[in-house]
Protein chains: 2
Amino acid sequence: MLAPLDFYFDFASPYGYFASLDIDGIAARHGRLVEWHPIMLGAAFKLTGAKPLAETPLKSDYFRRDVERSARLLATPVKLPPVMPMNSLAASRACYWIKGRDPSMFKPLAKMLYQAHWGAGRDLSAPESVAEIADLLTIEPSDLLAGIQDPAIKQVLRDETEAAVQRGVFGSPFVFAEGEPFWGHDRLSQIDRWLQTGGW
Amino acid sequence: MLAPLDFYFDFASPYGYFASLDIDGIAARHGRLVEWHPIMLGAAFKLTGAKPLAETPLKSDYFRRDVERSARLLATPVKLPPVMPMNSLAASRACYWIKGRDPSMFKPLAKMLYQAHWGAGRDLSAPESVAEIADLLTIEPSDLLAGIQDPAIKQVLRDETEAAVQRGVFGSPFVFAEGEPFWGHDRLSQIDRWLQTGGW
């Protein structure tokens, strides 16, 4: 079996959302699977000194425009959420919690959360908002709310985030294909080519 | 006559170098010219809090790898310079000086400087190094060294940089096409499409 790709992203990142729509398909064309890793980008930002795009002078305006413009080009619905960046802690923990309980629900939940946040502009900072989305997948809201408070689940997210930073992840999306690092939605075509050619 | 594109870049930016190779051709396919504007990105970095990529933890390693990998994909020669980022003050001033004296030499000099810095890995922080490259274009080195000390030339670069920041420029390359802002070498295909379709 060929090694899976590793896909790191923060739910607060719209470019991670764009990548989430295509990364599995790209990998599949080359006989690969993709491991999804929601992380808290803030941990990397502490090292790089970066600030969230929405809070950075000059970049903030461009960022909004670029996200909407890129979405139109991709024919992907986008509605800018009221709070940018949202706190993605509950959403990320929810994914690792469901992964431990029913792995088959991990990606469906992650995709639904991304869709709700960037496709429909829903703020998912509150655990209750995450539970409401999970409910659509028949995940019992009270189970989820209890699950994301589990210290073991909190630790999984911390570990995943720390492992990502150790590997050099500093932005979202960030993908490793055959150990090769690719940062940004705009590198998807390079990933596709890398898998096709085995590098260049 | 259709409005020209505005192309802002810092000579210390390799992605600006990549863009410089294609931007005129893309514009020409749509009956456009391109105004080149060398600027000092540091002025924008003061507002955004950004640091040069080569000096940013985590990003620094990725940056080197991405530049070399992208260059191979573009079949463009790249040799990482010994000093990154170099001080691009002399190179930028030299371009505005020659523009005032002989506009036809402006882009040839800019291209030669970019080629020397990113194609051949030459540090151009010292005015003498810039003059040496200009000499290849039969620009008298002593004229250039005097010219870039002219207060009026220094002011042109300050004005261009300030005007860029006023327009929202925070990175290199940064292009305006029909007033629409595009940041990054990876947005060239969007620029091409924007000019073709009149926007989307």
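Author: B:Y62 is buried, because its relative accessible area is 6% and the cut-off for calling a residue buried is under 20%. Please keep in mind that this is a predicted model, and that every value here is computed from it.

B:Y62 lies in helix α3 of chain B, which covers residues 59–74. A pair of aromatic rings is described by the distance of the centres and the angle of the planes. For A:W183 and B:Y62 the ring centres are 6.2 Å apart and the planes stand at 80°, so the pair counts as edge-to-face, since the label applies to planes over 60 degrees apart. While B:Y62 is buried, A:W183 is partly exposed, with a relative accessible area of 31%.

The tryptophan with that number in chain B, B:W183, is also part of an aromatic pair, and its partner there is B:F170. These two rings are edge-to-face, at 4.8 Å centre to centre and with 65° between the planes. B:F170 lies in the loop between α8 (151–167) and β3 (174–177) of chain B, whereas B:W183 lies in strand β4 of that chain, so the pair ties together parts that are 13 residues apart in sequence. B:F170 is buried, with a relative accessible area of 2%, while B:W183 counts as partly exposed at 32%. A search of the whole structure finds 40 aromatic pairs over all chains, and in chain A there is one aromatic cluster whose members include A:F7, A:W36, A:F63 and A:Y114.

Chain B can be laid on chain A by a turn of 180° and a shift of 0.0 Å along the axis, with an RMSD of 0.0 Å, and that is the relation of a two-fold axis. Of the interface residues of chain B, 100% are also interface residues in chain A, so the copies meet through the same surface.

Helix α3 of chain A, residues 59–74, deserves a look as well, and A:R64 is one of the residues in it. A:R64 is partly exposed, with a relative accessible area of 30%, and its side chain is joined to that of A:S60 by a polar contact of 2.6 Å. Beyond its neighbours within four places in sequence, A:R64 is in contact with A:A54, A:L80 and A:M84. Computed along the sequence, A:R64 and A:L53 are eleven residues apart, and in space their C-alpha atoms are 9.0 Å apart.

Buried residues make up 53% of the 200 residues in chain A, and among its contacts between residues at least 6 apart in sequence, 71% join residues at least 24 apart.

Key. Residues numbered from 1 in each chain as written. Chains lettered and ligands numbered in written order. Predicted model: local features only at pLDDT ≥ 70, side-chain atom pairs only at ≥ 80, totals over all residues. Heavy atoms only, no water. Least-squares fit on C-alpha atoms with pLDDT ≥ 70 in both. Contact = heavy atoms within 4.5 Å. Helix = DSSP H or I, 4+ residues; strand = E, 2+ residues; numbered from the N terminus. Buried < 20%, exposed > 50% of the residue type's maximum accessible area, 1.4 Å probe, protein only. Polar contact = N/O pair within 3.5 Å; in protein donor to acceptor, adjacent residues only side chain to side chain. Phe/Tyr/Trp six-rings, centres within 6.5 Å; stacked < 30°, edge-to-face > 60°.
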